[in-house]
Each structure stands twice: as structure tokens, then as C-alpha cells.
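Biologist: I have some time before my next run. Can we go through this model together?
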Amino acid sequence: MRAQQKPIRAVSMWVRRQPPKVKAFLAVVTGMAALVLLRFIVHDHDNLFVAAEAVHSIGISVLIYKLTKEKTCAGLSLKSQELTAIFLAVRLYCSFVMEYDIHTLLDLATLATTLWVMYMIRFKLKSSYMEEKDNFALYYVLVPCIVLALFIHPSTSHNIVNRIFWAICVYLEAVSVLPQLRVMQNTKIVEPFTAHYVFALGVARFLSCAHWVLQVLDSRGHLLVALGYGLWPSMVLISEIVQTFILADFCYYYMKSVFGGQLVLRLPSGVV
């Protein structure tokens, strides 16, 4: 086992010594390589979206276990859960009035779970909630997302209000994990269950992003045209990519910690 860890540790040390631009380049190359691999392995790219939902469900299951068995919400961000509840509620409304499908039921189940997590943090496990660490101001993301949605939203035949709401939920989903990352940056040390939960979010969002990117490539760009005209199609794709890269740094340190045999994840300064 130690022999296997040496090359991994050597590569990890080499990456850490590189300047930020080189790290960003390596992240892009790694992401592109993963997309190429998925394109050849997964023939039906809709399976990637299903896989993303499955991994997200696993992450939520880990979160439920932490709250019910460990009886603590230490390290969890209530504000991230609130942002998640907001964009899920808006997306559910849009789904009912615009395009009701199986994903509506999945969102309903996720919203119910998120509201339960919020209840546990706010009331049942309030004594373990790190409120002073959960200091991300929500208006930093809420206001820009609403303003952006007013100017860039779907160009479909639906009511203008519904189209703006749909854009808001897309933009909010892309940044909803930021308060959770702020909590982890403030604490520096992330206990295992919280780390597993956030890593599952990262994997789920990468799979979702891969689904969209590969769909666009396979349709030779026609999918973007089908989404509408103007800047909206590009913003949908950019939002998916932003979701992935927001969590990419954390996932790197998570994998490094796992391969290093560490149960507790320690984050250096500047990860968020």
C-alpha cells in the first residue's frame, strides 16, 4: 500500500508546487480527459444525468446518517441548505407550470429532505451548529442571480415571470454550495461525513456537467439552439461548468486525503 502511495504523493507534491495558472491548466486538461473517457464508455449520455442524481442521493444519505446517528450538525452550512431549498422550490414551481416530468418528483423528494435537514440544524441540533463560521452573506449570491436572470433568461413562449424564475434557479444552483465551502474554509478541518457529502456533490455536478457538454458535442451545437436564442443557452452551459469548478479544488484535497489514509480532511488557506 505504501508503494502505491509514493507515486500519488509525488504527483500531489509536484502539483502543489505549481503556480495557479499551471494548476488551472492541469484542471482543465484533466476535465477534458475525463469527458473524452466518458464519451467512449457511456453510450447513452442520459445515463450520466441518472448517475448524477444517484450520487447526489448518496450524498444526502450520508448527511442524514450524520444528523441522525452522530447527533451533530457541526461543519454543515445552514445557508447552503437554504439556498438549495430556494432553487429547488423555484424549480419545482417552474416544472409544474412549464415541463412536468420524472425529475419533478426527484426534486420534490430532494426538497423535502433539504427542509428536514434545515429543521434539524435550526432546532434539534442547534447547539452544535457553528453559526459564527457560517458567515457567508446570502445577498452576495441572491442579488446577482436575480439581476442576471432579469436580463438573461429562456426565450421560450412561456410567461416572462416563469422564464425569469427558471433562470434564477439555474444560477442559484451553480453557487449554492459556496456557503458550505466558506464554513469548511473557516474551520480548516472537515470531519469525514461532511467531506463525503460535499465530495458527492462535486461528483454529481461533474456528471451533470459532462451530460450537458457531451449532449452539446453529439448534437453539434443544435442542443444550444433548441434551448433558445441569445445568451441563455451559453449561460446554461456556463452555469454547469461553474458548479463543477467551484468544487474541483475541494475534491482534489479530498482525494489527496483519502489516498493518504487520513480520516479527517485538512484544508490549506485559499481553497475557497
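Biologist: To start, how many aromatic pairs does the structure hold?

Modeller: This is a predicted model, and it holds six aromatic pairs. One of them is Y93 with F165.

Biologist: What is the geometry of Y93 and F165?

Modeller: The ring centres of Y93 and F165 are 5.8 Å apart and the planes are at 75°, so the pair is edge-to-face.

Biologist: Which helices do Y93 and F165 sit in?

Modeller: Y93 is in helix 4, residues 78-97, and F165 is in helix 7, residues 160-175. The pair therefore ties together parts of the chain that are 72 residues apart in sequence.

Biologist: Buried or exposed, or partly exposed, for Y93? And for F165?

Modeller: Y93 counts as partly exposed, because its relative accessibility is 37%. F165 is at 32%, so F165 also counts as partly exposed.

Biologist: Give me another pair. What about F136 and Y140?

Modeller: F136 and Y140 are edge-to-face, with 6.4 Å from centre to centre and 90° between the planes. F136 counts as buried at 10% relative accessibility, whereas Y140 is exposed at 54%.

Biologist: Which residues form an aromatic cluster with Y140?

Modeller: F136 and Y139: together with Y140 they form one aromatic cluster.

Biologist: And where is Y140 found?

Modeller: In helix 6, which covers residues 139-151. Y140 also belongs to a nonpolar patch on the surface. The members of that patch are Y139, Y140, V143, I146, V147, L150 and F151.

Biologist: How much accessible area does the patch have together?

Modeller: About 760 Å².

Biologist: Switching to cysteines. How many disulfides are there?

Modeller: The count comes to zero disulfides.

Biologist: Which cysteine sulfur is nearest to that of C169?

Modeller: That of C94, which is 5.3 Å away. A disulfide needs the two sulfur atoms within 2.5 Å, and C169 is in no disulfide.

Biologist: Now charges. How many salt bridges are there?

Modeller: Four salt bridges. Among them is K66 with E191, where the closest N and O atoms are 2.8 Å apart.

Biologist: Where in the chain are K66 and E191?

Modeller: K66 is in helix 3, and E191 is in the loop between strand 1 (189-190) and helix 9 (192-218). They are 125 residues apart, and the pair links distant parts of the chain.

Biologist: What about E82 and R122, how do they meet?

Modeller: The side chains of E82 and R122 meet in a salt bridge, 2.6 Å from N to O. E82 lies in helix 4 and R122 in helix 5, residues 102-124, so the bridge ties together parts that are 40 residues apart in sequence. E82 counts as buried at 18% relative accessibility, while R122 is partly exposed at 37%.

Biologist: And which residue does R91 form a salt bridge with?

Modeller: D107, with the closest N and O atoms 3.0 Å apart. R91 is in helix 4 and D107 in helix 5, so this pair ties together parts that are 16 residues apart in sequence.

Biologist: Are R91 and D107 buried or exposed?

Modeller: R91 counts as buried at 17% relative accessibility, and D107 counts as buried at 7%.

Biologist: Which residues are linked in a network with R91?

Modeller: D107 and E173: with R91 they are linked in a network of salt bridges.

Biologist: Last one, backbone. What is the phi of K71?

Modeller: Phi of K71 is near 55°, a positive value in a residue other than glycine. Most residues other than glycine have a negative phi.

Biologist: Where does K71 lie?

Modeller: In the loop between helix 3 (46-69) and helix 4. K71 is exposed, with a relative accessible area of 56%.

Key: Residues are numbered from 1 along each chain as its sequence is written. This is a predicted model: local features need pLDDT of at least 70, side-chain atom pairs count only at pLDDT 80 or more; totals for chains, interfaces and linings use all residues. Side-chain values use heavy atoms; hydrogens and water are left out. Rings of Phe, Tyr and Trp (its six-membered ring) pair if their centres lie within 6.5 Å; planes under 30 degrees apart count as stacked, over 60 as edge-to-face and the rest as tilted. Helices (H or I, at least four residues) and strands (E, at least two) are DSSP runs, numbered from the N terminus. Buried means under 20% relative accessible area, exposed over 50%, partly exposed in between (1.4 Å probe, protein chains only). Patches are made of residues with over 30% relative accessible area and no salt bridge: like charges are joined within 9 Å, nonpolar side chains (Val, Leu, Ile, Met, Phe, Trp, Tyr) within 5 Å. Accessible areas come from the Shrake-Rupley method with a 1.4 Å probe; for residues, only the protein chains shown count as cover.
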